[in-house]
Amino acid sequence: MFPSPVPLTRRHLLSAAAGLFALAAGLAPAAAADQLADIKAAGTLRVATFDSNPPFGSIDPSTYNLVGYDVDFAKAIAQALGVKLQLVSTNPANRIPLLQSGKVELIVADLTITPERAQVLDFSIPYFETGLELLVPASSSDALSSFATARIGAVKGTTGEQALKARFPGSRVLSYDDIPTALAALRNGSVDAIAQDSTILAGLLAEAPDRAKFKILPDRLSREIIGIGLAKGQPALLAKVNEILVGLEKDGQAKAIYDKWFGPGTKFASPRSFTIGVTN
Amino acid sequence: MPDFSVITQNLPYLLWGRALEGQPGGLLLTLIMSLEAGVLALVVGVLLALAAWLSGGWTRRILFAWADFIRGIPLIFVIFWLYFLLPSLFGVNLPDTITVVLAIAWFTSAAVMYSTLAGLEALPKGQVEAGLSAGFSRTKVLVNILLPQALPNVLPSLVGVFISLIKDTSLAFIVNVPELTTVAGQVNNRTQIYPTEIFLFTGAVYFLLCGALSLTVHLAGGRRARPA
């Protein structure tokens, strides 16, 4: 875009415009009739995953690669499909728009299966399970019900927001960009509690130097069943992803990935309460 | 008590991201994006100003409507639109970094257009008349006589626009393009407990970057304005 020493003529402009249109046409995806076939033809699977949400997806401190439970599942799926993996980093609020705008084929980003989301996308069978819990100051009551009218922090675009509005309509939900910001709000008293997946809260508390000042309430706010998101009307891709997930459970890879991130001795340690492909 | 070891431990990532793997990030990507968007906005903005100066009537009105349209929308929306709407409406899927650079350049070109046009119109009218009577065309008067005087005059204003542009690149965090603010967020979310240290550092880096630029131009400009 530097100014050209040659004066621009109409012919230059016309050829530039023609080039732009050719570029646009070349990049436009053919109406995705069968995404599975398209993925295989392109040789690349594009997956939306978190870059700021350990242990699901975050930047490794020494290699600077994206790592996490979701990243390992994305890798295993791409490998089973025999294609290259392209991870697209995202945050909770952007993951569904990324799928809708055709920038990715799968969302593997701690996405809870909900009826609202199922209206705009399809879900695979569950590959993770957790529960929403409240993190509160140590001096607070242990009863979940005593927070029915409290000010509660949640992360934007997560089910915490909806679950609180449904379960405690009298509460005031304040949405933050990420979990450290929500914790800062709890520290300075802007909120009385934060709602988040139990696994994430356990990891947060394990690292906090002032962890003695907080506690996680024993009762769960909701059960969160996590699935892989994909575009509606893609039966071949959906069936293939489900088949791969069941295969990963059968050959032990799924459990190995779980143990790597949530097994005993890890920061997010928590027993595995599910088996992929088995409804409970 | 702040513990800045979180900065020293993550310094390479904050400064250049995954540049060694061919994916620049952090401060380096902030600089690259600022330069790309800056050059693009300068060229497009000056061309728009020249077109607005040369044309009258409807062409001029359309140019102003274009600039006012983009100026009247928060930049974060422009980034969102180009990132999500362009692919879903037209199937055009640009790389994430290019999308944000284009959004910032488009947005900033409006400010460049206004500044440059103000500089052109502030010059004495007699210069145009003198040029025309000497046989120059209006385009030649504009490019050879007016623009070389106007650009140095509006330089301080353009530097201000560019400083805003540098800070605007931080909005790329909303679509996870790994410039300085995004990588600072990534480190903050992994370490979870050092937001004060991380965002004090990030703020200081932006301040040093913009402050140094401002100071350089101020010193250079001061020398130019001083009588010989």
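A residue is called buried here if 20 or more other C-beta atoms lie within 10 Å of its own, exposed if 12 or fewer, and partly exposed in between, with C-beta atoms placed from the backbone.

Some housekeeping. This is a predicted model, in which local features need pLDDT of at least 70 and side-chain atom pairs count only at pLDDT 80 or more, while totals for chains, interfaces and linings use all residues. Residues are numbered from 1 along each chain as its sequence is written, and chains are lettered from A and ligands numbered from 1 in the order in which they are written.

On confidence: the predictor gives the complex an ipTM of 0.83 and a pTM of 0.84. pLDDT is the predictor's confidence in each residue, from 0 to 100. Chain B averages 92 on that scale, and 96% of its residues score at least 70. Where pLDDT is low, the predicted coordinates should not be read in detail.

Now chain A. Chain A has 10 helices and 13 strands. It has 280 residues, and 40% of them count as buried.

Which strands pair with β6(A)? Two strands pair if DSSP finds at least two bridges between them. Strand β1 (residues 44–50) of chain A runs parallel to β6(A), joined to it by two bridges. In that pair, Ala48(A) stands opposite Ile107(A). Strand β13 (residues 222–230) of chain A pairs with β6(A) in the antiparallel sense, over four bridges. There, Leu230(A) is the bridge partner of Leu106(A).

Is Gly233(A) buried or exposed? Gly233(A) is exposed, with 12 other C-beta atoms within 10 Å. Gly233(A) and Trp261(A) are 28 residues apart in sequence, and their C-alpha atoms are 33 Å apart in space.

Next, the domains. The bounds come from an automatic or database domain assignment. Domain 1 of chain A covers 35–129 + 225–262, and domain 2 covers 130–223. Their C-alpha centres lie 26 Å apart. Two residues are in contact if their C-beta atoms, placed from the backbone, lie within 7 Å. On that basis, 12 residues of domain 1 of chain A are in contact with 10 residues of domain 2. On the domain 1 side, β8 (128–137) and β13 of chain A each supply at least two of the residues that touch domain 2. By class, that side has eight nonpolar, three polar and one charged residue. The classes are these: Ala, Val, Leu, Ile, Met, Phe, Trp, Tyr, Cys and Pro count as nonpolar, Asp, Glu, Lys and Arg as charged, and the others, Gly among them, as polar.

On to chain B. This chain contains nine helices and two strands, and from the N terminus on its elements run α-β-β-α-α-α-α-α-α-α-α. Its C-alpha atoms fill a box of roughly 70 × 55 × 30 Å, taken along the principal axes. Of its 228 residues, 36% are buried.

Last, how the two chains meet. 22 residues of chain B are in contact with 31 residues of chain A. On chain B, α2 (26–54), α4 (75–90) and α8 (180–191) each supply at least two residues of the side that touches chain A. Which element gives the most to that side of chain B? It is α8(B), with five residues. The side of chain B that touches chain A has 11 nonpolar, nine polar and two charged residues.

What does α8(B) pack on? The sheet in question is open, with three strands of chain A in the order β2-β3-β4 and antiparallel pairing. Its edge strands are β2 (52–53) and β4 (66–67) of chain A, each pairing on one side only. β2(A) pairs with strand β3 (residues 57–59) of chain A over two bridges, and Asn53(A) stands opposite Gly57(A) in β3(A). α8(B) packs on this sheet, touching β2 and β3 of chain A, and its direction makes about 115 degrees with that of β3(A). For that angle, axes are lines fitted to C-alpha atoms, for helices over the stretch in contact, and angles run from 0 to 180 degrees between N-to-C directions.
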